[in-house]
Amino acid sequence: MSATSRHDAVFAAVDLGATSGRVITGRVGPDRLALTETHRFANTPVRLPDGLRWDVLALYQGMLEGLRAAARSGTVASVGIDTWAVDYGLLDSDGSLLGLPFHYRDERNAAAADEVLGRFGAQELYDVGGLQHLPFNTVFQLAAHRSTAQWAAARTLLMMPDLLVYWLTGTMGTEVTNASTTGLFDARSGRWSDTLIARMGLERSLFPALREPGEHAGTLLAQVAGFTGLPADTPVTAVASHDTASAVAAVPAAEPGFAYVSCGTWSLAGLELDAPVLTEESRAANFTNERGVDGTVRYLRNIMGMWLLEECRRTWERDGRPTALAGLLADAARARPFAAVIDPDDPVFLPPGDMPSRIDAALTRTGQAPPAGPGGYVRCVLESLALAHRRTLREAAGLAGRELTRIHLVGGGSRNELLCQWTADATGLPVTAGPAEATALGNVLLQARAHGLVGGLTEMRALVARTQPLRHYTPQGDPGAWDRAADRLAVRE
């Protein structure tokens, strides 16, 4: 790439979340890291008679329209795609998609998880994959899928971002940060676990070769280039395709001993390690070991996250009640502290639906009174999330033998000042909030690194710290109040 083209280059990041998708362009320089959203589109699951599915065709069309908008903004040097984890599409022998991919919140997974654990045992699965037990882990979804006609015709399995890369380029592969969420990836070797795949009765040929973040994945197919207006030789770069892995790559940390919370629909709270922690104590505490950039390990636990608040708002909107976030947060700030707390990871909160009623039921079961109004529910959710961050990070530090010095809270939740302050108060640690667009930044930075515009993780993170707005929170208030709230949930810390 010439000096002129390097200066003018645009990196297109396709970032698909649980409720919306975006195409964002990024420009990178020694002291420049600027993002522009070129297109946003809804991600609306479809409930079919056989279950909850992703409308991946609508996502693909939205992505193409976003890339067409990106093409008008400058010379696109590369395209990278990140999405959520665990979900996949099945392709037949012609490379055609066999039905819409299942949504991880589909009810089919619970029974399949019980069946797999009954055959293998939780310790055997953890010793290989090192994953937190979640009923929607890919290994359990596959067990639920195997009795179908789709499965009988399947010849290739592609994780969601890899499916979209395939439709852009015609090439197949599996990027490692997403592969590591399947339960069929060896957390020690960083390769597919041929042993576990065979023990599950799966064909090894279903699983394509692995790609590392930064690898060249192919160039655009002619029809893609024709629709988007991008040159046919535009490269597609395999970024850290699990959105949390891209977000962690953009954590603006300079000091050792940092923890992170990537907060959006889920709160992913944990540490960055050099090797997995695969002890029985780690399994019992339900921590996951997922791959990060440059062979790092994201040692974390999934917490239900802002899903709780967003589902409350959707319920209130259907009921014709005010749902403006600023007003709800103002009401929450005035509500009585610690009037009610819940465990965000109670499985009752996982499906979509009437969240306030489920919170009421959980509070009643634990002898607490339901909140009087929306502000009380919001305070309940945010204080409960802060307690969950505290519990998770303290346990992670103990299991990994780390001493924590600071928490970096990134993602959309970093805009929520109450959550940031209460996380600092609950943990007793300083919190640096931002960037809110950590996932897109990580996506862009990994593309830029592949093009020689930025160095390794340390340099990438320093660039984020120099160029992105950050806010800092120090612990305030009475730590004992948080201790007493944790005791009410019978949290062992």
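Arginine 390 is buried in this predicted model, with a relative accessible area of 4%, where buried stands for under 20% relative accessible area, exposed for over 50% and partly exposed for what lies in between, as found with a 1.4 Å probe on protein chains only. Its salt-bridge partner is aspartate 483, the closest N and O atoms of the two being 2.7 Å apart; a salt bridge is here a side-chain nitrogen of Lys or Arg within 4 Å of a carboxyl oxygen of Asp or Glu. Because aspartate 483 belongs to helix α20 (residues 479-488) and arginine 390 to helix α16 (residues 374-400), the pair ties together parts that are 93 residues apart in sequence. Helices (H or I, at least four residues) and strands (E, at least two) are DSSP runs, numbered from the N terminus. Aspartate 483, with a relative accessible area of 33%, is partly exposed.

The model is predicted, and local features need pLDDT of at least 70, side-chain atom pairs count only at pLDDT 80 or more, and totals for chains, interfaces and linings use all residues. Residues are numbered from 1 along each chain as its sequence is written, and side-chain values use heavy atoms, with hydrogens and water left out.

Under the salt-bridge rule, the count for the structure comes to 27. One of these joins the side chains of aspartate 127 and arginine 188, with an N to O distance of 3.1 Å. Aspartate 127 sits in helix α4 (residues 122-129), whereas arginine 188 is in the loop between β10 (185-186) and β11 (191-192), so this pair ties together parts that are 61 residues apart in sequence. Aspartate 127 is partly exposed, its relative accessible area being 33%.

A further salt bridge, at 3.6 Å from N to O, is formed by the side chains of arginine 415 and glutamate 437. Arginine 415 lies in the loop between β19 (406-410) and α17 (417-427), and glutamate 437 in the loop between β20 (431-433) and α18 (438-450), so parts that are 22 residues apart in sequence are tied together by the pair. Arginine 415 is exposed, at 53% relative accessible area, while glutamate 437, at 24% relative accessibility, counts as partly exposed. Both residues also belong to a network of salt bridges that links Asp15, Arg22, Arg415 and Glu437.

Helix α5 (residues 138-145) contains glutamine 141, which is buried with a relative accessible area of 0%. The side chain of glutamine 141 makes a polar contact with that of arginine 108 at 2.8 Å, a polar contact being a pair of N or O atoms within 3.5 Å, of which, within protein, one must be able to donate a hydrogen and the other to accept it, and for which residues adjacent in sequence count only if both atoms are side-chain atoms. Apart from neighbours within four places in sequence, the residues in contact with glutamine 141 (heavy atoms within 4.5 Å) are Val86, Asp87, Tyr88, Phe102, Tyr104, Arg108, Asn109 and Phe136. Six of the eight residues of α5 are buried, so the helix is largely enclosed by the rest of the structure. The buried residues of α5 pack against β7 (88-91), α3 (109-120), α4, α6 (149-153) and β8 (156-159).

The search of the whole structure finds four cavities of 30 Å³ or more, and the largest cavity holds about 50 Å³ of space. Among the residues lining the largest cavity are Ile81, Glu175 and Arg211, and α7 gives the most to this lining, with three residues.

The largest pocket has a volume of about 1,300 Å³. It is lined by 48 residues, of which Gly17, Cys263, Gly264, Thr265 and Gly412 are the closest to its centre. The largest share of this lining, four residues, comes from α13. The second largest pocket, with a volume of about 330 Å³, is lined by 16 residues, and Gln132, His133, Leu134, Asn286 and Asp345 lie nearest its centre. For these volumes, grid points are joined across faces, edges and corners, and a volume is the space filled by probe spheres set on the points.

Key:
1 Å grid on protein atoms, 1.4 Å probe; cavity = no way out; pocket = protein on both sides within 12 Å on 5 of 7 lines; lining within 4 Å.
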